[in-house]
Amino acid sequence: MSEPNAVSQAQAAPAGQGGPLVEVKDLRKHFPIRRGLLSSVVGHVKAVTDVSFHVGEAETLGLVGESGCGKTTVGRSLLRLVEPSSGTILFRGKDITQLSNAELRPFRRHMQIIFQDPYSSLNPRMTVEQIIAEGPLIHEPGVSSAQRREHVMELLRRVGLPPESADRYPHEFSGGQRQRIGIARALAVNPSFIVCDEPVSALDVSVQAQIINLLMDLQAERKLSYLFIAHDLSVVEHISQRVAVMYLGHIVEYANTTDLYADPRHPYTKALLSAVPKRSPDDVKERQILGGEPPSPISPPPGCPFAPRCPIAQPECSKKLPELEQMGAPSHFVRCPLVK
Amino acid sequence: MATDAAILTAAERLAPRPAPRWAKALRNPRTIAALAVILLTLAMALCAPWLAPHGYKDQYRGEENLAPGAYLLGTDDLGRDILSRMMYGAQVSLAVGLCATLVSMLIGVAVGLLSGYFGGWADSVLMRFTDTIAAFPSLLLAMAITAVYDRPHQTMAERIAVLIFALGIVGWTGMARLVRSQVLTIKGEDYVNAARALGAEDRHIILRHVLPNCVSPIIVVATLAIGGNILGEAGLSFLGLGVQAPFPSWGGMLADARNYVDTFWWQAVFPGTAIVITVLAFNLFGDSLRDALDPKALK
């Protein structure tokens, strides 16, 4: 239980059906900071450090944490949109970390992404049909244009857009409609795994629910697996089977959704959960307010990254980074020895 | 799912479709005026041999420096009809202005795209080369190039080709820098990431995503460059490196008239006005073109 690897191995078993669909081991991304004439490296932004998890078939893993904690970098590294500094990404057991772009292409259609910003994620100069048909054009070049159009129409219908959307440009749509276009684009290549990078945080609450429901319906229909990145804990609770909580590039807690919400262990998780608005005025909740800002990922504090803001921190917390340890439920892992 | 569908139909109705962009842009009087001036100038240039009342080198002894009247726009110091010379001169000005811009646009866009998109050492090499070219005073560099290719018995077409080449070679650096900065912005947009996640090749991303989103500034800068190149040709002609006399160009006529501005004003004013109006028309037309090409501009 002392190595981060142990987490993914311990978690692999309950997912069943011949191993997880996507598995990440010790993923690390440190962006170099270059300065001066010779662009010498003067430091690193330690966005992601030794993150390990897996996503099973037809399963949703929620990834939560505040802005800048590295969750988006994790999602983009999985698709190699950001090159990981080290670590391994396995898709159906195959290591895709070192593949060249050409070798990666066949895997691309199985792993897709839905972006947060519905405005910058659609090319303003392409029609909706061109946007959705882009993937199929790359992966199935031989298909006739009539068939391709039929495919686009089918996807539009499925994501809840009228067929006449096909000839329009993205600016003619609302945020929610654009997000549906983004979903259709990802679905067009029949992926089995989709990284949902805060797909609803830019939308109105009423529209959020529609998009979440659409994502869940699609998951049921197509046996999709999601890595659902968000900072809204209630959304994550609703859609995910398991949740990983990130802080400053580290996973600090990793558990089944029910366990995590019923029995949060890590002080950071507790603080996050206490920030979720109450559902009824009768709910009694202890509001825990964190002081200060997250430290800079360029020079993270020694030891536990959360120690400077932690209400229960001890002097030894700043000496050594604690390991993820199993506590409580069998698949509940917490990076804090003080709450055991 | 049933309740879902009900919510969807209510929420996902589309906004009404606006009128086609081209139609809307063409309804703008500014566009019509600019296009009219450009077409008129082009027509005059192309039809000069048939439309011009006199030949461009016909001299009428004793009728030098006549004010506008019998000769519509007057005559110059050698007794040549200014209107006819301006019509022939439009050929040179337009050919050089348009083609030199095209040359510098091609070079600038290619350099900017490659440099911005690929980054790294390709970026460093290309941008340092761009800096080097930009460090030369542009007219001086153009002069050097035209002087190197100045041979006796050159035909008109050869001479014009040299001018186009010279102005095109010195004029692309601004475009390259502009395109590069655009590419750097666009490269980070999520639709480019989406295309990469779909497995698109670099060539596809550059041609389908990056270039189309650079079009607006390219057009604006190119239309401004047309004016600049018409003036550049005028400068070279003035220095004797342009087309061979007696063939006219607007810049050359302006240069010839410089000694008579206070006495025979029409010799300078008419070619000068022609330059101003043509450059203005290209700029306004470029503006309209940008609006028409931008899906967001006319909601």
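A residue is called buried here if 20 or more other C-beta atoms lie within 10 Å of its own. The model described below is predicted, and the word is used throughout.

**Confidence**

Chain A averages a pLDDT of 88, and 94% of its residues score at least 70. Residues 1–16 of chain A are another matter: pLDDT stays under 50 there, and the model has 30 contacts beyond four places in sequence for this stretch. Where pLDDT is low, the predicted coordinates should not be read in detail.

**Strands 6 and 9 of chain A**

Strand 6 of chain A covers residues 111–114. A:Met111 and A:Ile113 point one way from this strand, A:Gln112 and A:Ile114 point the other way, and all are buried. Strand 9 of chain A, residues 242–247, is mostly covered, with six of its six residues buried. From strand 9, A:Arg242, A:Ala244 and A:Met246 point one way, while A:Val243, A:Val245 and A:Tyr247 point the other way.

| Strand pair (chain A) | Sense | Bridges |
|---|---|---|
| Strand 6 and strand 7 (residues 193–197) | parallel | four bridges |
| Strand 3 (residues 60–64) and strand 9 | parallel | four bridges |
| Strand 9 and strand 10 (residues 250–256) | antiparallel | six bridges |
| Strand 4 (residues 86–91) and strand 5 | antiparallel | two bridges |

Single residues show how these pairs line up. A:Gln112 has A:Ile194 in strand 7 of chain A as its bridge partner. For A:Val64, the bridge partner is A:Val245 in strand 9 of chain A. A:Arg242 stands opposite A:Asn256 in strand 10 of chain A. Strands 9 and 10 of chain A form a hairpin with two residues between the strands, and in this hairpin A:Leu248 takes a positive phi near 50°.

**The open sheet of chain A**

Four strands of chain A form an open sheet in the order 2-1-4-5, with antiparallel pairing. Strand 2 (40–55) and strand 5 (94–95) stand at the edges, each with a single partner strand, so one side of each is left without a neighbour in the sheet. Helix 2 of chain A, residues 71–78, lies across strand 1 (22–35), strand 2 and strand 4 of chain A, and runs at about 110° to strand 1.

**Nonpolar cores**

Which residues have the most contacts inside the largest nonpolar core? They are A:Leu227, A:Phe228 and A:Val245, in a core of 138 residues. Helix 5 of chain B, residues 82–118, gives the largest share of this core, eleven residues. A second, separate core has 15 residues, including B:Ala142, B:Ile164, B:Val170 and B:Val243.

Helix 6 of chain B, residues 120–135, has 16 residues, and at 1.5 Å a residue it should span 22 Å. Its end C-alpha atoms are 22 Å apart, which agrees. This helix is hardly covered, as the count of buried residues in it is one.

The contact between the chains takes 34 residues from chain A and 24 residues from chain B. Helix 1 (2–11) and helix 10 (190–197) of chain B each supply at least two residues of the side that touches chain A. Helix 10 of chain B gives the most to that side, with seven residues.

Conventions:
Residues numbered from 1 in each chain as written. Chains lettered and ligands numbered in written order. Predicted model: local features only at pLDDT ≥ 70, side-chain atom pairs only at ≥ 80, totals over all residues. Expected span 1.5 Å × (residues − 1). Buried ≥ 20, exposed ≤ 12 C-beta atoms within 10 Å, placed from the backbone. Pairing = 2+ DSSP bridges. Contact = placed C-beta atoms within 7 Å. Axes fitted to C-alpha atoms, helices over the stretch in contact; angles between N-to-C directions. pLDDT = per-residue confidence, 0-100. Core = buried A, V, L, I, M, F, W, Y, C linked by C-beta atoms within 7 Å.
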